[in-house]
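Morning, everyone. I'll take you through one model today, so please bring it up on your screens.

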Amino acid sequence: MADLAIDPKAVEQLSPPLVTGQPSLHDVTEAVSIHTEIETHRNWYIALAISGSITLLLGSMLAYLVATGIGVWGNNNPVGWGWDITNFVFWIGIGHAGTLISAILFLFRQKWRTSINRFAEAMTLFAVACAGIYPLVHVGRPWRAYWLFPIPNADLAMWQNFRSPLLWDVFAVSTYATVSALFWYVGLIPDLAIIRDRAKTQLRHTIYGIASLGWRGSATHWKNYEKAYMILAGLSTPLVLSVHTIVSFDFAVSIIPGWHTTIFPPYFVAGAIFSGFAMVITLMVIARWVFKVEHLVTMTHLENMNKVILATGTIVGYAYATEFFIAWYSGNEYERFTFINRAMGPYAWAYWSMVSCNVISPQFFWFKKLRTNIPFMFVLSIFVNIGMWFERFVIIATSLHRDFLPSSWGYFRPTIVDILTFFGTFGLFITLFVFFTRFLPIIAVSEVKGMMIQTEHEKHYLPATTANPSDTVKAH
Amino acid sequence: MADTSSIHGVVADFDSPDTLLDAVKAARAKGYTKMEAYTPFPIHGIDEAMGAKPSILGYIVLCGSATGFTTAVLLQWWTGTISYPLVISGKPLFAFEFGFPVMFELTVLLSAFAAVFGMLGLNGLPRLSHPIFNYSGVAGSSDDRFLLVIEASDKKFDANETKDFLASLGAEKLEVVEA
């Protein structure tokens, strides 16, 4: 019998614990709910004052732009898309990691997603909110933005052009924002009910009671809920892939050398996941420390995310190489010129910043020492975010700035309004997070509990095959 | 014997999902049919133990998907070919190739609406109040307690007898809850 025995320690090494310190179910409720219940900390007001001021800066920049015109931005012929579309794609891409964690990892039954999915989904929503600003104001007359949707109205007197990828993008991004919000809210319902049940004052009880829609956690509720969650995960998985595919169509369906390429959809999706996971690392490293949930968001979670960063970063690097190969192999001289210009032209500084941040930096994660080192991963995740911003900028600016005729060559320079608007979107992003972390459970409590019980059961079954029955007792 | 019309049922409060599951099985074996469990997270196997039918949400979502897809096809076809035909870049007025992204997105959008609102509808939510909230320890059911309620509408229900039966299953707390 001895050779059939399973050593529990070996099992633990293969799948390290996702919750450390063996907290009880109540401890988990407590750890996650407490930060919504304690008196507001002075630091929270300081954080809100800073991020709120930056958001006001965003608001004033947008007001100035709407009042004056798109000319306050640096985009002009030949670079008609500048920082606006760069930042749009940047923010949308960041959002994708949230959906990947909440939906794709759910379908693949990756239990490690449970501690980080709520946070990552919030990141998706807030990033999409930042992204949405850009196309909205870039239309020039945002008060006419409803023209983008097929709403019958007298002043347009015609229909949208469904043959244009820009219109596909309208449908993709608005669907993505809506479905992400629904998915996030459905996940929140049982956890809002927890805060309702713990409420000490009538006002809290009423507010969280309404927000949780009267959730009772009955077996019937959970049955329909789990089905809905599964279906939403199943819908979000192709949705997230479609969104960045369609965003890449904005470029790939045009005939601009450097954009007109079939590699764009998979390359954009990999890049989006890459940048999004980096953003989750940046935020999670701070949040788990501030909110003291290191036992729920463990090194296993961080290390797994770093592995995803390594994998997707390598895919992105491979895509850069493929683009260059095809530019040469196609024999198309415009295509070839664009790529040589990208690496050696006036934007070479941007290109090589992108390559160092996106291709070289994630390779450090091959080493376990580095991918489990918190200060190192924090710095590296910021490098990846910078690199991925440069990727979008390089794709847009270098493909446009040297038009087919040398007489229409130019060089894009951002204006102060460009810079402050982009800076302002970070203010909005962080302000939304500041509110989220104050009023809502940042970890999916009921999911973590379900995962703990499931893990407990699996442990319970393992020692039954061991020769030593005393292990069964230890497992409890 | 008190008038059962003012009673919602008897709540038995358990400390683990396993004891709850055993209690559900025992109650079924005893012949009770109208029961409901309240737990902080979904318990696997409880629907089978309670004899509950699988969720019909999938069919509702399928209707949503079909509506979304059909809407997208009709929208693009009608606006492009009937309402305002306009040739752009020599492309056809309507084709599934260029219409596909919008068809896909609207299918997903309406399916998601069907999934969320269908789930809320099947669960009877939003709802302002429910008799289970009259139970003094109801807050535990979202924390670390596992409740089983045998409802007064059950044919076999008798407040005292049911209470004794549930006590025999290892419930740590028992309470008759007002409707």
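I'll start with a helix pair, then turn to a sheet.

First, the ground rules. This is a predicted model: local features need pLDDT of at least 70, side-chain atom pairs count only at pLDDT 80 or more, and totals for chains, interfaces and linings use all residues. Residues are numbered from 1 along each chain as its sequence is written, with chains lettered from A and ligands numbered from 1 in the order in which they are written.

Chain A. Helix H4 (residues 83–107) packs with helix H8 (residues 219–252) at about 155 degrees, axes 8 Å apart. Helices are DSSP runs of H or I, at least four residues; strands are runs of E, at least two. Axes are lines fitted to C-alpha atoms, for helices over the stretch in contact, and angles run from 0 to 180 degrees between N-to-C directions. H4(A) and H8(A) are therefore roughly antiparallel, a label for angles over 145 degrees.

Who meets whom? On H4(A), the residues include A:Val89, A:His96 and A:Phe106; on H8(A), they include A:Ala233, A:Val240 and A:His244. Contact needs C-beta atoms, placed from the backbone, within 7 Å.

Now chain B. Four strands form an open sheet, order S2-S3-S1-S4, with antiparallel pairing. Pairing takes at least two DSSP bridges. S2 (35–38) and S4 (173–178) stand at the edges with a single partner strand each, so one side of each lacks a neighbour in the sheet. Neighbouring strands are turned by 20 degrees on average, direction ignored.

S1(B), residues 7–14, pairs with S4(B) over six bridges. In S4(B), B:Leu174 is the bridge partner of B:Ala12.

Note on methods: Parallel < 35°, antiparallel > 145°, perpendicular 65-115°, else oblique. Contact = placed C-beta atoms within 7 Å.
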